[in-house]
Amino acid sequence: MKDLLLIIAQGLVEDPSAVVVEQDEPTEDGTVVLHLHVAPDDMGRVIGKQGRIAKAMRTVMRAAATRQDCKVAVEID
């Protein structure tokens, strides 16, 4: 899951080397939280107008997690 988010984010930003994805331990209900860090200049590219790109990334990650029988939450830091 971590690799999928990394590939998606690197395709969106101008500085792919600055993209970092950190994974937290699963919570009580089994949800894995992924923290996405990008360069400050690329933050708008990852979030998009009115958060549309961020919402789409979360949807793709949720769909991929469903195929692996787990839960994922994506936070953009």
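Which loop holds Asp-69? A few notes on this, and on the rest of the model, follow.

1. **What we are looking at.** This is a predicted model, in which local features need pLDDT of at least 70 and side-chain atom pairs count only at pLDDT 80 or more, while totals for chains, interfaces and linings use all residues. Residues are numbered from 1 along each chain as its sequence is written, and side-chain values use heavy atoms, with hydrogens and water left out.

2. **Asp-69.** To settle the opening question: Asp-69 sits in the loop between helix 3 and strand 3. Helices (H or I, at least four residues) and strands (E, at least two) are DSSP runs, numbered from the N terminus. Although not a glycine, Asp-69 has a positive phi of about 55°. Its relative accessible area is 74%, which makes Asp-69 exposed (exposed means over 50%, buried under 20%, partly exposed in between, with a 1.4 Å probe and protein chains only).

3. **Gln-50.** Here is another non-glycine residue with a positive phi, of about 55°. Gln-50 belongs to the loop between helix 2 (43–47) and helix 3, and is exposed at a relative accessible area of 76%.

4. **Overall fold.** The protein chain has three helices and three strands, running α-β-β-α-α-β from the N terminus. Its radius of gyration is 12 Å, close to the 11 Å from the globule rule for 77 residues, so the chain is as compact as a globular protein of that length. That radius is taken over C-alpha atoms, and the rule is 2.2 Å times the number of residues to the power 0.38. Buried residues make up 31% of the 77 residues.

5. **The core.** The largest nonpolar core has 17 residues, of which Leu-5, Leu-34, Leu-36 and Val-46 touch the most other members. Such a core is a set of buried Ala, Val, Leu, Ile, Met, Phe, Trp, Tyr and Cys residues joined through side-chain atoms within 4.5 Å. Helix 1 (2–12), strand 2 (31–37), helix 3 (52–67) and strand 3 (71–76) each give two or more residues to this core, and the largest share, four residues, comes from helix 3. Leaving aside residues up to four places away in sequence, Val-46 touches Val-13, Leu-36, Val-38, Ile-53, Ala-54, Met-57 and Ile-76 (contact means heavy atoms within 4.5 Å).

6. **Thr-31.** Do have a look at Thr-31 in strand 2, which is buried with a relative accessible area of 15%. Not counting residues up to four places away in sequence, Thr-31 touches Glu-25, Pro-26, Lys-71, Val-72 and Ala-73.
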